[in-house]
Amino acid sequence: MQNQFQQDLWKAAQGPWVSGILPSAENLARARASLPATLPDTGSSLESVQRHLVDDIVPAFNGGSISANYYGFITGGTTPAALFADNVVSAYDQNVQVHLPDHSIVTDVEYNALGLLLDLFRLDRSTWHNGTFTTGATGSNILGLACGREFILQKAAQRQGCHLQSVGEEGLFEVLNALGLSGVQVLSTLPHSSLVKAAGVLGIGRSNVHNICRADDPLRFDIDKLEKELARTDKVSIVAISCGEVNTGRFATSGADLKEIRQLCDKYGAWMHADGAFGIFGRVLAERPEFATIKKGCEGIDLVDSITGDGHKLLNVPYDCGFFFTRHPHIASQVFQNANAAYLAAGNSDGPSIPSPLNIGIENSRRFRALPVYASLLSYGKSGYQEMLERQIRLARKIYEWVFEHSGYTALPETMSKSELLDQTFMTVLFRANDESLNRELGSKINESSRMFVSGTSWDGSPACRIAISNWRVDVERDFALVTEVLTKVAQS
Ligand SMILES: *Cc1c(COP(=O)(O)O)cnc(C)c1O
């Protein structure tokens, strides 16, 4: 028989232990007061440390991943298969850094999981099987811009007939100098903040990320302006496609324009990166009229050079997990290889040639974060993930329609008709309250209900709220009833 404490422990380690969407103020205060001021000289028993975690710390967690009604940010959840696998990962603590086929199966599993992801996204394995797992979409965006920077400067050197080994080898400053260039620029439309951060990290500079958007639509490229920037002779460029914009969930391109951008990038030697943190999941959907617009938004994504995707959002595996794909097999290793470390060289096997992860990504020692992805993909299959995403989209559209009809709220962007709005809705709902004073506190009023949580954001210069639906636990009817009940009450307050 397990005693109460063992049961508590088991429950805490399994989740869901947290009952509310946000922890109570008392639980937060109690947890904070329980944090030690300094490291004690002597350790405590395992049981007392476990008690501290379960009694003090866990009650002050939020239900972000556990509740189906946490709509802040885009958090996803953890599927049962992914949770099991993640516990296995911790228990066996495998380091996935060098491909050593006689030592462990882990690099094979990681490579296989990447292949399964490509299948999920309908990307051709023979073209795209050069990816890796990252800590998240931010990590993947760093990889994308780093590979792009390497590629476009090598192209520029070729054009000038200049001998260049690689930026990774010689250094950005030296290469720019040698080529008489003033810098690298990133051209995008409403990029995620992490892409701008990646530009900062990589010496490109945050101020060299530019919005090249049309006056009538901030999400779409102004193609003429884009060509003008690409044609500059003092800079080299990376084009970053917002394949799913974080506020609206809408897409920057729709197939034909992506082809046009590809042609321009080829003409001027630019790299195309797609940030599809959540948007790439549009490719999971079935060919049905109701999803046609979303599918169009990720159409032609196989024309880009690199793709960012997030595991801990719509794939519903635990933090931290992202993935990165590129069509170019050798670029990542030119940036990320460990120099002069023969002992890290990959071993050989009869199977596919699996690169050692440490030579194609940021980290050397790495967590086996592919295993939860692998387990969850096997557990749901293509149709399971399709069905999960369909539920999320249907809930988002049902809420949008309700908000659109409600006299107290405005569905955003305001310029769109109801049918346009519903047609383009992926899994986010953007809206505001018509009453200005209510709108200023709309997010906190909704969140005070403790029944659901939304993120505050701003749209067109005024506050707005965003519902992002990303959890595998979504139930359309149940969650629609809950959300509309809360929004009705808030509108009456
Ligand atoms: C969430 C998100 C990111 C950043 O992802 P992390 O997983 O938080 O690193 C980047 N791009 C887009 C479009 C996102 O939605």
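1. Which residues does Glu110 touch, not counting residues up to four places away in sequence? In this predicted model, Glu110 touches Val96, Thr132, Phe133, Pro357, Arg366 and Ala370. Glu110 is found in helix H5, which covers residues 106-120, and with a relative accessible area of 4% Glu110 is buried, because buried means under 20%.

2. For a reader new to the structure, the overall dimensions come next. The protein chain has 493 residues, and a compact globule of that length would have a radius of gyration near 23 Å, so the 24 Å of the chain agrees with this expectation. Taken along the principal axes, the box filled by the C-alpha atoms is roughly 70 × 60 × 45 Å. The secondary structure of the chain comes to 19 helices and 14 strands.

3. As to the interior and the surface, 53% of the 493 residues of the protein chain count as buried, while the accessible surface comes to about 22,000 Å², with 51% of that area belonging to carbon and sulfur atoms. Among contacts between residues at least 6 apart in sequence, 74% join residues that are at least 24 apart.

4. Helix H9, residues 172-179, can be described face by face. The buried residues of H9 are Leu172, Val175, Leu176 and Leu179; seen down the helix axis, these buried residues fall within an arc of 95°, and therefore they line one face of the helix. The face turned away from that buried side carries the exposed residues Phe173, Asn177 and Ala178.

5. The surroundings of H9 complete this part of the picture. Its buried residues pack against helix H7 (137-159), helix H8 (167-170) and strand E3 (183-188). H9 is followed by Gly180, which has a positive phi, near 65°.

6. Where does Val304 lie? Val304 lies in the loop between helix H13 (292-297) and strand E9 (306-310), and at 0% relative accessibility Val304 counts as buried. Leaving aside neighbours within four places in sequence, the residues in contact with Val304 are Trp128, Ile241, Arg262, Met272, Ala274 and Arg327.

7. Val304 and Leu487 are separated by 183 residues in sequence, and from C-alpha to C-alpha they are 41 Å apart in space.

Conventions: Residues numbered from 1 in each chain as written. Predicted model: local features only at pLDDT ≥ 70, side-chain atom pairs only at ≥ 80, totals over all residues. Heavy atoms only, no water. Helix = DSSP H or I, 4+ residues; strand = E, 2+ residues; numbered from the N terminus. Rg over C-alpha atoms; globule rule 2.2 N^0.38 Å. Buried < 20%, exposed > 50% of the residue type's maximum accessible area, 1.4 Å probe, protein only. Contact = heavy atoms within 4.5 Å. Areas by Shrake-Rupley, 256 points an atom, 1.4 Å probe, with all protein chains shown as cover. Arc of directions from axis to C-beta.
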